[in-house]
Amino acid sequence: MTVENEKLKKENKELKAENLWLRTENTRLQQRLEMLETTMEDSINKAVEEAVAKAAVPLLETIKEKDKEILRLKLQIGKDSPNSSKPSSSNELKKIPNNREKSDKKRGGQPGHKGSRLEISKNLEELAAQGIAEYIIVSDGKSYVSDWVADLKTITVYAEYHRSPGKPPEIQYGPQVKAYVVYFSTVGLVAYKRLSQLFCEISHNLLKVSKATLAGFHHHATEAVCLSGYINDLINGTVIHVDGTPVKTSERLG
């Protein structure tokens, strides 16, 4: 009985030792497995990154070439006579972006807007006495002889014309004002805004000619020009020179 008991004790001790070894080996194998999994995941991620980078190389090259082409086209579009050897006739009108918000209001003066129109000053005789304006009365009278002095002065002239009653009285700008407008805007290339300011300055703010009125004078003068002679010369001329410089008419490039 004692021998049997000793044998069992020995086997139990061996089993405990074997169990401890198995536990230790199991722990080691788990650590090894975790290390392999981490290494494999890193390898897979690295391989994926390398594959993606390799596949993206042609695409990046294409994008790079497209960027170069876009830059070239932008530079080509921006070329004109000041920054290249292109002639001035090839210059295009550069459009300025309009950042104003779109409105539902109609064009022109809005209700309540104070308009600008030609009026006779209430203190005309006082202005004439001060030499700021000139007051002339043109009327049929007796025969007379006049001595004249040719001179030039900048002064606002109000001419009062007496006539038989009929149509309502009217006030309008005289031919000299209209002639100055056409000359300064056409020959002098003075902008309407500056021309309107000029009339205010030289008339001591008596003549406040709006830009729309100035444009109307120019339009009427243009309509009065007979182009048939010029057209005849152009058609029948031996040599013709045409300037290709673009101009803006009626808000359109022409």
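Tutor: Glu69 has a relative accessible area of 36% and is therefore partly exposed, the class that lies between buried (under 20%) and exposed (over 50%), taken with a 1.4 Å probe on protein chains only. The model is a predicted one, in which local features need pLDDT of at least 70 and side-chain atom pairs count only at pLDDT 80 or more, whereas totals for chains, interfaces and linings use all residues. Residues are numbered from 1 along each chain as its sequence is written, and side-chain values use heavy atoms, leaving out hydrogens and water.

The partner of Glu69 is Arg72: their side chains meet in a salt bridge, 2.7 Å from N to O. The term salt bridge stands for a side-chain nitrogen of Lys or Arg within 4 Å of a carboxyl oxygen of Asp or Glu. Arg72 is itself partly exposed, at 42%. Both residues belong to helix H1, where 3 residues, or about one turn of the helix, separate them. Helices here are DSSP runs of H or I with at least four residues, strands are runs of E with at least two, and both are numbered from the N terminus.

Helix H1, which covers residues 2-77, also holds Arg28 and Glu25, again 3 residues apart and about one turn of the helix from each other. These two form a salt bridge whose closest N and O atoms are 2.2 Å apart. Arg28 is partly exposed, with a relative accessible area of 43%, and Glu25 falls in the partly exposed class at 21%. A further salt bridge joins the side chains of Arg194 and Glu201 at 3.5 Å, N to O; Arg194 counts as partly exposed at 38%. A search of the whole structure finds 4 salt bridges.

The wider setting may now be described. The protein chain contains 6 helices and 4 strands, and from the N terminus on their order is α-α-β-β-α-α-α-α-β-β. Of its 254 residues, 9% count as buried. Its accessible surface is about 23400 Å², with 57% belonging to carbon and sulfur atoms; such areas come from the Shrake-Rupley method with a 1.4 Å probe, and for residues only the protein chains shown count as cover.

Next comes the interior. A nonpolar core is a set of buried Ala, Val, Leu, Ile, Met, Phe, Trp, Tyr and Cys residues joined through side-chain atoms within 4.5 Å. The largest has 9 residues, including Tyr173, Val177, Val181, Leu195, Phe199, Leu214 and Phe217. Helices H3, H4 and H5 each supply at least two residues of this core. Val181, leaving aside its neighbours within four places in sequence, is in contact with Leu195, Phe199, Leu214 and Phe217, contact meaning heavy atoms within 4.5 Å. Apart from this core lies another, of 5 residues, among them Leu127, Ala133, Tyr158 and Leu206.

Most residues other than glycine have a negative phi. Leu189, however, has a positive phi of about 55° although it is not a glycine; its place is in the loop between helix H3 (175-186) and helix H4 (192-202). Leu189 is exposed, at 71% relative accessible area. His204, also not a glycine, has a positive phi of about 55° and is found in the loop between H4 and helix H5 (211-223). His204 counts as exposed at 51%.

Val225, Leu227, Tyr230, Ile231, Leu234, Ile235 and Ile240 make a nonpolar surface patch of about 740 Å². Patches consist of residues with over 30% relative accessible area and no salt bridge, like charges being joined within 9 Å and nonpolar side chains (Val, Leu, Ile, Met, Phe, Trp, Tyr) within 5 Å. Tyr230 lies in helix H6, residues 228-236, and counts as exposed at 56%. Cys226 is likewise exposed at 56%, whereas Cys200 is buried at 17%. With a disulfide taken as a pair of cysteine sulfur atoms within 2.5 Å, the count comes to 0 disulfides.
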